[in-house]
Amino acid sequence: MWSILRKDLLLELRTREALASLVMLVVLILLTFTFALDPDGARGAAPAVLWVTLIFAGLLGVQRTFLVERESGAWYGLLLAPVDRGAIFAAKLVANLVILAVADVVLTLLLGLVLGVPVPAAPIELLLVNGLGLVGFSALATLFAAVSVRLRARELLLPLLVLPLLVPVVICAVEASRIVLSGGPAASAGVWLRVLATFDVIVTVAGWMLFEQLVLE
Amino acid sequence: MTPMPIRRRIAPLADGVLPVVSTVAMLCALACVFLWVPNERMQGPVQRIFYFHVNAAWEAFTGFGVAALASLLFLWRGRAEFDRLAHAAVEVGMLFCTMVLVSGPIWARPIWGTWWTWDPRLTMTVILWTIYAVYLVLRAMAQDDPQVARYAAVLAIVGVLDVPLIMVSVRLWRGMHPSVISAPSGTGAGIQDGRMIVTLIVAFVAFLLLFLWLLWRRYEDLRLRDELHALEDELAAFDASAARAATGNR
Amino acid sequence: MSVVEAESLGKAFGRTRVLRDVTLRVEAGETLVLFGPNGAGKSTLLRLCATIYAPTSGSLRLFGSLEREAGTRRRIGVVSHQSFLYPDLSARENLAFYARLYGLAGPERVAAEWLARVGLAGIGPRPVRAFSRGMEQRLALARALLHAPDLLLLDEPWSALDAAAADLLSDLLVALHAEGRTLVVATHDFERGLAIADRAVILHDGRVAWDATRGELGAVPEAYRRITGAVAA
């Protein structure tokens, strides 16, 4: 798994395709939000804006890790190798996670600037929330990206597949962020984080086990 | 080769007895609900929808549960029968789920004064509906690609795994925001009369039988369609080889 | 134990049946060449042997096993008209990656060794995207061979190669055969294919139309013409 991950990250570093388009997309969506929302009133909506932006941009970016193999049939090269299929899933998951994390950091900083949200207020907790949320999102999105990449209407299908299932992540991440940013008690945020963590574990394990099924032909 | 003989064994029962029994049960239920059971004191005649609404919800969940189980079996064993069962179960489940979402507002409007509210249970049902609507979209999208069956199966399984998580998060979420109207839970304060319990049970049985019958019919439809395709393919192959033989002889 | 043993093998994609009732054996050390018009099912058969596809009917045994597990896959190498390479990585990075994927010790060393062996030693950090077809094919060969597979599957390997590169390939295949490896080659090129073949099989319409042994190889082009009603390439 590590070699695949290393290869994917190396590729990404080399071409910067997915990262660049993802970050650009994130910035543009954020910009749209800035025009659509009243900055003073929108401060409370910061977590919501963050996650909506990240999710929609992410859904487009996440397919990239699978498309990279389609070009010269390298996907078959991977399948031929004596590698556990679950390892391919894990590698893609982490690769997507890294890219999403970078976009997340950029987005958070920009959001702080634009909406005047005191980001440094609770950096570690925020990190935890974002981290857990991203893992869940990446797991779900990677799993279904493997599906949608092989079908015709792939850009349309991936959001359809992922969004309804992503509801727990959206709710938990936004609520937890809200509590953390307003300096609320850690315990109440903890409830959301526990649910989020459970989601992450279930989806990652399910993805690992089910991925094999998705690549059979 | 167990599934085949199972099908053959239950086929006469399912084709012959099930429709009759289901119809009779449903007629009984209708009679109970509209003619026999008294009005609920607080809500009036509208409350009768409850007997349909609640049972439709039960059958929707049953449908999705069966679909997930069948999907798991399909991925594990690879038998097309399980895939067909999953597909049929989702379709029937969706039918009942739609019934729930339609009967709910009809009930809500006179009682709560509003068509909709983001009550945890309603929200849950909408999300569930969307998940399996996507399942059906996925299946409709690529008819001939056999891999789609696997993708759909994965979706059904992940969907079912996600459901408890969705329930928990939605409940927590709505718990924080006090709902404008406290939703009257279906069975809670309402049961005042023994006849209501009986009606509920009769309706439950009727809906269960209806579910089974619809599931059976959809499964048969899918099976016949697959058989038809197989026959068409054989015919095409036969024609092709006949044509080859003809040109070869020339 | 045969390396490849297909019995009534069939493969359908949804409603399209590509292979029907293929019964075939390839013994260790043999070079089997598959001929057939486009759409006959040659690529599909190779992919089935590569464990990329699963049979929809009949059975396929590779090295005696029905299972498509990692151990079997390790002994198989595939060369296709697609290179299976990453266009944005360099030749060395591609080979090192595959070496790691196959769990070989000293991946960098293996990569360097094979680069030299296919004559790409001085290629440097240029991405594969910039390679000529001949260079790409050579690299793809290295990729397929670096884990020392016992069974090598080649799908139209001479296609789009110039005469010099094609000769090199033929020589390499002969050398591999001498090493005792099993080769299955699908091609349209009668001259080159028959030159290296121990046996030849003609596939037509998803079926085995003719299974020729060494002595009958000369008759293959004629048989092909007869079976497919086409002019042999």
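**Exercise 1.** In this predicted model, find the angle at which helix H7 (residues 123–148) of chain A and helix H8 (residues 154–181) of chain A pack, and classify the pair.

*Solution.* Start with the axes. They lie 9 Å apart, at an angle of about 170 degrees. Angles over 145 degrees count as roughly antiparallel. Therefore H7(A) runs roughly antiparallel to H8(A).

Next, list the contact. H7(A) contributes residues including Leu126(A), Gly133(A), Gly136(A), Phe137(A) and Phe144(A). From H8(A) come, among them, Leu158(A), Leu161(A), Leu165(A), Val169(A) and Ala173(A).

Last, sort by class. The contact has 18 nonpolar, four polar and two charged residues.

**Exercise 2.** Check the length of helix H2 (residues 17–36) of chain A, then locate its buried and exposed residues.

Now the buried set: Ala18(A), Leu22(A), Val26(A), Leu30(A) and Phe33(A). Seen down the helix axis, the buried residues of H2(A) fall within an arc of 90 degrees, so they line one face.

Then turn to the face pointing away from that buried side. Ala20(A), Met24(A), Leu28(A), Thr32(A) and Phe35(A) are exposed there.

**Exercise 3.** Describe the side of chain A that touches chain B.

*Solution.* Count the partners: 23 residues of chain A contact 25 residues of chain B. Assign elements: on the chain A side, H8 and helix H9 (186–215) each give two or more residues. Sort by class: this side of chain A holds 19 nonpolar, two polar and two charged residues.

How values were computed. Residues numbered from 1 in each chain as written. Chains lettered and ligands numbered in written order. Predicted model: local features only at pLDDT ≥ 70, side-chain atom pairs only at ≥ 80, totals over all residues. Helix = DSSP H or I, 4+ residues; strand = E, 2+ residues; numbered from the N terminus. Expected span 1.5 Å × (residues − 1). Buried ≥ 20, exposed ≤ 12 C-beta atoms within 10 Å, placed from the backbone. Arc of directions from axis to C-beta. Axes fitted to C-alpha atoms, helices over the stretch in contact; angles between N-to-C directions. Parallel < 35°, antiparallel > 145°, perpendicular 65-115°, else oblique. Contact = placed C-beta atoms within 7 Å. Nonpolar A, V, L, I, M, F, W, Y, C, P; charged D, E, K, R; others polar.
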